[in-house]
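Subject: Structure handover

Hello,

Please find the structure below, with my notes after it. The notes go through the helix contacts and then a few single residues.

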Amino acid sequence: MFEIFEKYLRSWVDISDEELNSIRKVSTEKSLRKSQSILHDGETWKLNCFIAKGCFRLYRFGKDGVDHTMRFGVENWWITDQESYNHNTPSLYNIEALATSHIIIWKKEEWEQLLLRLPNLKNFQERLSARSYETSQHRIYSLISNSAEEKYVEFQKTYPNIFNKVPLHMVASYLGMSRETLSRVRKDHTKT
């Protein structure tokens with residue numbers, strides 16, 4: 001599994017075999033079943049989690065008890081609760097596997113030590129954080145300005161194979177629309 005991460009990391013940054021060995025030494029590989037959670041609301045998130053295989057979602061419950069999907073994570077992506085991680089506070093979110101999945105995790109303290117020792121990894125982390133921020137801004141704009149069809153098309157581009165992995169109501173929740181609206185948009189879109 002680490003080879004998947006190695007290929008991914010090398011696509012982002014120039015990193016030596018010695019540096020990779022340092023990263024590998026403090027990593028833990030883990031397999032999860034479908035519906036298995038790696039974070040429950042109320043717990044503090046203290047991990048960096050790379051998805052080598054599978055699919056996850058980050059979600060939270062509203063006051064009405066309905067769950068709202070904030071983010072999906074697929075292969076070669078990261079999944080995290082950044083707020084809990086940064087502030088060492090109990091999470092408001094849950095993270096669950098939506099399919100049999102394989103992840104590589106690093107404890108926060110060990111990851112931070114790696115960032116201090118490995119400038120190339122720190123550079124990677126900064127680039128990844130900037131990209132994540134840009135993606136969040138784009139998502140917020142899309143949610144407040146795009147039509148249901150535009151959101152659907154954008155979702156398909158971002159997550160081309162997700163409909164095979166997750167229930168429709170989770171996709172609708174992520175897109176901020178009802179399941180019925182999503183069904184109608186999908187039906188209309190397949191006609192064209």
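H138, S142, L143 and S145 in helix α5 meet E150, K151 and E154 in helix α6, where contact means heavy atoms within 4.5 Å. Helices (H or I, at least four residues) and strands (E, at least two) are DSSP runs, numbered from the N terminus. The model is predicted, so local features need pLDDT of at least 70 and side-chain atom pairs count only at pLDDT 80 or more, while totals for chains, interfaces and linings use all residues. Residues are numbered from 1 along each chain as its sequence is written, and side-chain values use heavy atoms, with hydrogens and water left out.

Helix pairs

Two packed helices are described by the angle between their axes and the distance between the axes. Axes are lines fitted to C-alpha atoms, for helices over the stretch in contact, and angles run from 0 to 180 degrees between N-to-C directions.

α5 (residues 119–145) and α6 (residues 148–158) pack at about 150°, and their axes are 8 Å apart. That angle makes α5 roughly antiparallel to α6 (under 35 degrees counts as roughly parallel, over 145 as roughly antiparallel, 65 to 115 as roughly perpendicular and the rest as oblique). By class, this contact of α5 with α6 has one nonpolar, three polar and three charged residues. Here Ala, Val, Leu, Ile, Met, Phe, Trp, Tyr, Cys and Pro count as nonpolar, Asp, Glu, Lys and Arg as charged, and the others, Gly among them, as polar.

How do α6 and α7 (residues 168–175) cross? Their axes come within 10 Å and cross at roughly 115°, and α6 and α7 are therefore roughly perpendicular to each other. K151, Y152 and F155 of α6 make the contact with V171, Y174 and L175 of α7. Those residues divide into five nonpolar, no polar and one charged.

The axes of α4 and α5 come within 5 Å, crossing at roughly 115°, so α4 and α5 are also roughly perpendicular to each other. W111, L114, L115 and R117 of α4 touch P119, L121, K122 and Q125 of α5. Five nonpolar, one polar and two charged residues make up this contact.

Buried faces

Buried means under 20% relative accessible area, exposed over 50%, and partly exposed in between (1.4 Å probe, protein chains only). In α6, K151, Y152 and F155 are buried. They cover an arc of only 100° around the axis, which puts them on the same side of α6; the arc is that of the directions from the helix axis to the C-beta atoms. Their cover includes β5 (67–74), α5, α7 and α8 (179–191).

α2 (residues 17–25) has E19, L20 and I23 buried. Down the axis of α2, these buried residues fall within an arc of 100°, so they line one face of the helix. The cover over them includes α1 (2–12), β8 (101–107), α4 (108–117) and α5. On the face of α2 turned away from its buried side are the exposed residues D17, E18 and K25.

Single residues

D17 counts as exposed because its relative accessibility is 52%. The C-alpha atoms of D17 and E6 are 9.6 Å apart, with the two residues eleven apart along the chain.

S173 is in α7. Leaving aside neighbours within four places in sequence, S173 is in contact with D67, H68 and T69. S173 and Y59 are 114 residues apart along the chain, and their C-alpha atoms are separated by 9.5 Å.

Regards
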